[in-house]
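Open the model in your viewer and keep the selection tool ready. The stops below say what to pick next and what you will find there.

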Amino acid sequence: MPQPAPRPAQLAFDELDTPLYDITFVVVDLETTGTSPDGDAITEIGAVKVRGGEILGEFATLVDPGRAIPPQIVQITGITTAMVCSAPRIEAVLPGFLEFAAGAVLVAHNARFDIGFLKAAAMACQTAWPAFQVLCTVQLARRILPRDEAPTVRLSALAELLGAQTRPTHRALDDARATVDVLHALIGRVGNLGVHSLTELIDYLPAVTRRQRAKRVLATDLPAVPGVYLFRGPSDEVLYIGTAVNLRRRVRTYFTGSETRPRMREMVTLATRVDHVPCAHGLEAGVRELRLLLAHTPPYNRRSKFPQRAWWLSLTEESFPRFTITRSPARDALGPFGSRASAAEVAAHVAEYCGLRTCTTRIPAHGRHGPACPPAVVGGCPANRSETCTGAAEYETAPRAVRDLFTGRSDATLHAMRERVESCSATENFETAARMRDRTAAVVRALRRTQRLAALARIAELVAARRAEGGGWEFAVIRFGRLAAAGVCARGVPPMPVVEKLVAAAETVIPARLDGRSAVPTADLLYTDPDAPAALRPDADLDDHYPPLRGALPEEAALLVRWLEQPGTRIVSTTDGYCEPRSSAGAWLSWLERAETAVRTEAAGRDYLVHSEA
């Protein structure tokens, strides 16, 4: 039976920033029966464990490859078939080597060759390969040594050039010892260039222009905390904004070979300094980034700069309402949509099933709808379903159905859409059924997006907490869909006093009203103006006087909702229930998942369409 591998030991970020003299390296070398891991096998493993220039241990063994060693390999290594016939098989050797190397950085000369053979052996033994960090001395030598000094990077040539104490002999342990000396000599050379940690050494390997590397000083004084960073240009303009869980480490990557995006390299060339905003945790950093993007609209950011360009689907304020697509959300609006076309498609599908008119004629309150519109059955206005003209009172059922659908008070329209899909499927009109299914899925997605965000935006105050990775708690105070305060509580510190201080110091959030009137926060968090009419007082239906998100940025509200929905997040306190209506699109998520699965697999067939259920 194959033995289980040691627990994979992936270095943490803090360990990656540890000085090189505190990093444990395991330098390994293999001898094999050939050059391909697919058809050849390991005959010898040699490894040396070092830290800070001191040898901590050695691992060396011959390995029975289970086959004869070719003569040309015997000539190179001196290892014969007779020498390995009594040696242990790789199944017995590999667990011991993995235990020896656990938690260390693997180093090899031409690491692709040696690590490739080791991974193939692990797969053959059904042993999990740990997530080692790997360093190749061939790659490191090519990066550090100029061609005129080192025309070749063969181990024997480097050992002679760099004064290695051990001479390579094509035996695994001797070659591993020689590679240790080469590694130490190469690290000594880059130390004078400011490379003192493993992260800096890995980042040094790719070729980077001298001008780009020289700007590493811009990250020197940044703290190693979560936050937002702002690259500024020659005129102090903001060029780029980003977030990081570790500001110093993230910004430093822009000046190394790990940054390969041409736009970012161009931005770094223009940058003259880096500002930062430290944050309590990642959620606050994400929110700060969104707000700063809106304030500065930096040229090198491609997303989230223009939330005001989103589209909303609303009903017009007239006696015979119809859909209008605008930039500003109105009461019971649906959105936001990324494009006007996607909003128009949803509007057309909803209007068809709700009987909302699509004609653009303005009808007075005493007028009637119908005379000038072709019947709906011939592609005309959906509200003209008979030859009888409709008055404003009779027509009111259509906009009411739309409002009930958008606010989640009723999903009867979704049921009608689904029944149409199943009817088309039952008559084997599969193309129409698939088209109707896709349109219905678009409606469900739009409803879910709006209702999910509106559920949070209507809450005057919600305090939530989730466990921090290192222990303790992360807190967020959310008011009307906006982050009003954020903080952390260290392990062992009573959390509730921290929560009380965060709430007391939280930002005052005044929700935006449709009529432009101000809402005055008090001890009860929200009262309307004292001289406001009774319909606008707290006991009235406030949803009639506010847009769905109460003025919150859609992307910020979405970020908060995702954070709240993560496993382990807890509600500490809330002024209102955090919930969605029973007939909201949330009840259709399973149907939506099946619809999206059918689209992905191009399997919009009868079985799915007939048996789908909300």
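Select Asp-236. Its relative accessible area is 37%, so Asp-236 is partly exposed (buried is under 20%, exposed over 50%, partly exposed in between, with a 1.4 Å probe and protein chains only). Asp-236 is not a glycine, yet its phi is positive, about 65 degrees. Look for it in the loop between strand S6 (227-232) and strand S7 (238-244). Helices (H or I, at least four residues) and strands (E, at least two) are DSSP runs, numbered from the N terminus.

A note on what you are viewing: this is a predicted model, in which local features need pLDDT of at least 70 and side-chain atom pairs count only at pLDDT 80 or more, while totals for chains, interfaces and linings use all residues. Residues are numbered from 1 along each chain as its sequence is written, and side-chain values use heavy atoms, with hydrogens and water left out.

Next, select Asp-332. Here too phi is positive in a residue other than glycine, near 55 degrees. Asp-332 lies in the loop between strand S10 (323-326) and S11. Is it buried or exposed? With a relative accessible area of 14%, Asp-332 is buried.

The peptide bond joining Gly-335 and Pro-336 is cis, with omega about -5 degrees. Pro-336 counts as buried because its relative accessibility is 15%. Now show its contacts (heavy atoms within 4.5 Å). Leaving aside neighbours within four places in sequence, Pro-336 touches Ala-310, Trp-311, Trp-312, Arg-449 and Pro-554.

Now zoom out. The chain has 22 helices and 17 strands. Of its 614 residues, 49% are buried. Take the contacts between residues at least 6 apart in sequence: 65% of them join residues at least 24 apart.

Go to helix H4 (residues 90-101). Its end C-alpha atoms are 16 Å apart, which agrees with the 16 Å that its 12 residues should span at 1.5 Å a residue (the expected span is 1.5 Å times one less than the number of residues). Colour the buried residues of H4, among them Ile-90, Val-93, Phe-97 and Phe-100. The buried residues pack against strands S1 (24-32), S2 (42-51), S3 (54-62) and S4 (105-108), and against helix H5 (111-124). After H4 comes Gly-103, with a positive phi near 80 degrees.

Which residues of the largest nonpolar core touch the most other members? They are Phe-25, Ile-42, Ile-45, Ile-90 and Phe-97, out of 59 residues. The largest share of this core, 8 residues, comes from H8. A nonpolar core is a set of buried Ala, Val, Leu, Ile, Met, Phe, Trp, Tyr and Cys residues joined through side-chain atoms within 4.5 Å. Select Phe-25: beyond four places in sequence, its contacts include Val-48, Val-105, Leu-183 and Ile-187.

Last stop: show helices H6 (residues 137-144) and H8 (residues 172-191). Their axes come within 10 Å and cross at roughly 35 degrees. Axes are lines fitted to C-alpha atoms, for helices over the stretch in contact, and angles run from 0 to 180 degrees between N-to-C directions. Thr-137, Leu-140, Ala-141 and Ile-144 of H6 meet Thr-179, Leu-183, Leu-186, Arg-189 and Val-190 of H8.
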